[in-house]
Structure formats: structure tokens, C-alpha cells
Amino acid sequence: MSDNPGVLVLRSDPRNGVAVLVLAVLTAGVAVTAMLLRGASAGAAAAMGAGFAALVVVVLGAFLRSRVTLTADEVVVRGVVITRRRARSRVAGVVRATFTLPRGGPTDNLFLVDADGGLVVRVHGRPFARADLDRLVRALGVPCDGVDRPVTAKEFGKSYPGLVPWAERHPYRLGLAIGGSTIVAVVALALALALATS
């Protein structure tokens with residue numbers, strides 16, 4: 001909410017941040033405990049714990065920093081690193097979708113689109129309460145379309161091409177590509193080291 005009349009400000013919902021924090025702490029605790037039970041050194045377990053702690057800080061930073069501001073002239077979507085400012089006059093419609101994720105629960109998304117259906121800006125809904133997203137849609141005062149059931153990003157992309165990037169529509173292919181590239185890089189490095197020392 002905002003004290004400034006005519007300005008709508010959505011801030012992250014603390015309940016969503018607490019849920020992510022609890023999940024991250026539990027996951028870290030299980031991972032560190034499993035390492036210690038398997039005989040890993042205290043240093044290795046501490047390093048794993050430090051890695052999870054850094055991840056928790058980044059995730060909490062994302063929740064604390066996330067904000068959407070709607071004024072008479074513009075829409076400002078602030079994320080962890082990037083802030084996107086768009087002219088409100090470009091927004092001709094909203095496409096709403098709830099995505100099912102490979103890991104994690106469903107997440108709401110608002111795609112603010114222009115008159116041709118092209119993406120103006122996307123609002124990732126995970127940090128925000130659903131009621132706040134409803135308020136944003138009402139405040140925009142433009143037609144709202146979308147899917148009425150949870151879908152994958154790939155399914156959504158078939159109905160609304162161009163709104164979701166390839167990597168999000170194909171998470172498993174992306175994972176295989178990254179994993180394959182990593183393996184090739186490790187093998188190439190091992191061969192280079194072997195040749196250099198022979």
C-alpha cells in the first residue's frame with residue numbers, strides 16, 4: 001500500500017518469505033546432517049552450511065527487495081537486481097497464469113501486455129499475496145485474460161507465444177545442456193592437465 005493517492009505499491013508478503021526461509025533452513029539442516037552422518041569432515045559440512053546460508057540471504061533479499069509500483073504514468077517492477085520501468089500507457093491487457101514448477105508449489109504470474117499481445121513487463125507473483133495481485137489487476141483497469149487452472153510454462157507458451165522465455169519452458173533440456181557442458185569442460189580440463197604433465 002502507499003500513502004500517496006493515485007499510487008499503488010505492492011510489497012512482498014512476509015508470510016511467503018518466512019515459508020521460503022523455513023524450507024531453506026530445513027533443507028540445509030538435512031543436507032549438513034546427512035554429510036556428517038556419512039563421515040564428512042566438519043569443515044566440509046560447514047562449507048555446505050555456508051553455501052546454504054548464502055543462498056538464504058539471496059532469497060530473502062529477493063523477497064525484501066521485490067516491489068511493484070503503479071502510478072498514473074508508469075509501472076515499476078523491482079526485482080533482486082533489475083528494476084524495470086515501463087510507461088503505463090503501453091499496458092493494454094493482463095494475462096494471468098499459475099505455473100506449476102518442477103520443484104516447489106504453484107506460482108502466480110502476471111504478464112502485462114501491449115495492444116499486440118507483446119510483453120511489456122512480467123510480475124512474478126511468488127513474493128506477493130494473491131489479493132495484492134488482484135488489486136494490481138483492478139487498478140490497471142485493462143482486460144484480463146489467462147488460464148483458469150495451473151499449467152506448466154511450456155503449456156502456457158503454446159497458448160501465449162513469446163511471453164515466457166525458452167529456458168523456462170524447457171527446464172529439463174536446460175539442465176541437461178548445463179550438465180553436459182559441465183562434464184565436457186571437466187573432461188577437457190582433465191585431458192589438458194594430463195597432456196601438460198606428460
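## An aromatic cluster

In this predicted model, ring pairs join Phe99, Phe111, Phe156 and Tyr160 into a cluster. The count of aromatic pairs comes to four. For phenylalanine 99 and phenylalanine 111, the ring centres are 6.1 Å apart and the planes stand at 45 degrees, so this pair is classed as tilted. Because phenylalanine 99 belongs to strand 5 and phenylalanine 111 to strand 6 (residues 107-113), the pair ties together parts that are 12 residues apart in sequence.

Phenylalanine 99 is part of a strand whose burial extends along its length, since seven of the seven residues of strand 5 are buried, so that the strand is largely enclosed by the rest of the structure. The cover applies to both faces, with Gly93, Val95, Ala97 and Phe99 buried on one side, and Val94, Arg96 and Thr98 buried on the other.

Strand 5 (residues 93-99) is joined to strand 6 by seven bridges, and the two run antiparallel; within this pairing, glycine 93 has valine 113 of strand 6 as its bridge partner. Strand 5 also pairs with strand 8 (residues 144-146), here in the parallel sense and over three bridges, and arginine 96 stands opposite glycine 146 of strand 8.

## Valine 95

The relative accessible area of valine 95 is 6%, and because the limit for a buried residue is under 20%, valine 95 counts as buried.

Elsewhere in the model, four strands make up an open sheet in the order 1-2-3-4, with antiparallel pairing. Strand 1 and strand 4 (83-87) are its edge strands, each of which pairs on one side only, and the twist from one strand to the next averages 10 degrees. Strand 1 pairs with strand 2 (residues 67-70) over four bridges in the antiparallel sense, and leucine 8 stands opposite leucine 70 of strand 2.

Helix 3 (residues 130-140) packs on this sheet, where it touches strand 1, strand 2 and strand 3 (74-78). The direction of helix 3 makes about 160 degrees with that of strand 1.

## Serine 12

Serine 12 lies in the loop between strand 1 (8-11) and helix 1 (14-37). Its relative accessibility is 17%, and as a residue is buried when this value is under 20%, serine 12 counts as buried. Apart from its neighbours within four places in sequence, serine 12 is in contact with Phe63, Leu64, Ser66, Pro127 and Phe128.

Key:
Residues are numbered from 1 along each chain as its sequence is written. This is a predicted model: local features need pLDDT of at least 70, side-chain atom pairs count only at pLDDT 80 or more; totals for chains, interfaces and linings use all residues. Side-chain values use heavy atoms; hydrogens and water are left out. Buried means under 20% relative accessible area, exposed over 50%, partly exposed in between (1.4 Å probe, protein chains only). Contact means heavy atoms within 4.5 Å. Two strands pair if DSSP finds at least two bridges between them. Axes are lines fitted to C-alpha atoms, for helices over the stretch in contact, and angles run from 0 to 180 degrees between N-to-C directions. Rings of Phe, Tyr and Trp (its six-membered ring) pair if their centres lie within 6.5 Å; planes under 30 degrees apart count as stacked, over 60 as edge-to-face and the rest as tilted.
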